[in-house]
Amino acid sequence: MSSDRARSTRDSQRARELLTARELLTARYSAGCTGVAALERELGGIIESSGSASTDDEHDPEGATIAFERQHVAALLERERDQQAAAERALRKVDDGSYGVCEACGQPIAAERLAARPAAATCISCAARRR
């Protein structure tokens, strides 16, 4: 009987962890939607303003600044899209029951890692090897 109680306790703890993960990932995905939209507007504004300016970046003192700004915002936009996609993939894993399992080695991802990075797809050991 005590093994049934232990299993029940583990199952309810896992259900709470998944609920918390779902909430965090949903919030991250929603924030990503907002962030992507804002960065797309900002990038559009930079592109629009550079279109009306001189197209000769070499001789235009503002040209290098505009080009830098455009590349900077484009990089931020790419990062935001990547994080949003990672949150979406992690939400699918919550749904299919594979959340918290390392994609590389198949071992559980430490709860501490998932608390710090809810969309983590690999355990710390596998992530360290990838770098």
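Is T122 buried or exposed? The model examined here is predicted. In this model T122 has a relative accessibility of 6%. T122 therefore counts as buried, the cut-off being under 20%. The residue sits in the loop between helix 3 (111-116) and helix 4 (124-130).

The overall architecture comes next. The protein chain holds 4 helices and 0 strands. Read from the N terminus, the order of elements is α-α-α-α. The radius of gyration is 22 Å, whereas the globule rule gives 14 Å for 131 residues, so the protein chain is more spread out than a compact globule. Along the principal axes, the C-alpha atoms occupy a box of roughly 80 × 30 × 20 Å.

Of the 131 residues, 26% count as buried. Contacts with a separation of 6 or more were also examined, and 55% of them join residues 24 or more positions apart. The accessible surface of the protein chain is about 9000 Å². Carbon and sulfur atoms contribute 53% of that surface. The chain carries 19 positive and 21 negative charges.

In soluble globular proteins, nonpolar side chains tend to be buried together. In this model, the largest nonpolar core has 13 residues. The members touching the most other members are L25, Y99, C102, I109, L114 and C123. Two elements, helix 1 (2-52) and helix 2 (63-96), each give two or more residues to this core. Helix 2 gives the most, with 4 residues. Beyond its neighbours within four places in sequence, L114 is in contact with Y99, G100, I109 and A120. A second, separate core has 7 residues, among them V36, L39, I46 and V73.

V36 belongs to helix 1. Its relative accessible area is 9%, so V36 is buried. Leaving out neighbours within four places in sequence, V36 is in contact with L77, E80, R81 and Q84. V36 and R79 are 43 residues apart along the chain. Their C-alpha atoms are separated by 9.4 Å.

Where does C126 lie? C126 is part of helix 4. Its relative accessibility is 5%, so C126 counts as buried. With neighbours within four places in sequence set aside, the contacts of C126 are C102, A104 and C105. From C126 to V94 the distance is 20 Å, C-alpha to C-alpha. These two residues are 32 residues apart in sequence.

G97 lies in the loop between helix 2 and helix 3. At 54% relative accessibility, over the 50% cut-off, G97 counts as exposed. The C-alpha atoms of G97 and R5 are 22 Å apart in space. In sequence, G97 and R5 are 92 residues apart.

Technical notes
Residues are numbered from 1 along each chain as its sequence is written. This is a predicted model: local features need pLDDT of at least 70, side-chain atom pairs count only at pLDDT 80 or more; totals for chains, interfaces and linings use all residues. Side-chain values use heavy atoms; hydrogens and water are left out. The radius of gyration is taken over C-alpha atoms; the globule rule is 2.2 Å times the number of residues to the power 0.38. Buried means under 20% relative accessible area, exposed over 50%, partly exposed in between (1.4 Å probe, protein chains only). Contact means heavy atoms within 4.5 Å. Accessible areas come from the Shrake-Rupley method with a 1.4 Å probe; for residues, only the protein chains shown count as cover. Lys and Arg count as positive and Asp and Glu as negative; His and the chain ends are not counted. The place of a charge is taken as NZ of Lys, CZ of Arg, CG of Asp or CD of Glu. A nonpolar core is a set of buried Ala, Val, Leu, Ile, Met, Phe, Trp, Tyr and Cys residues joined through side-chain atoms within 4.5 Å.
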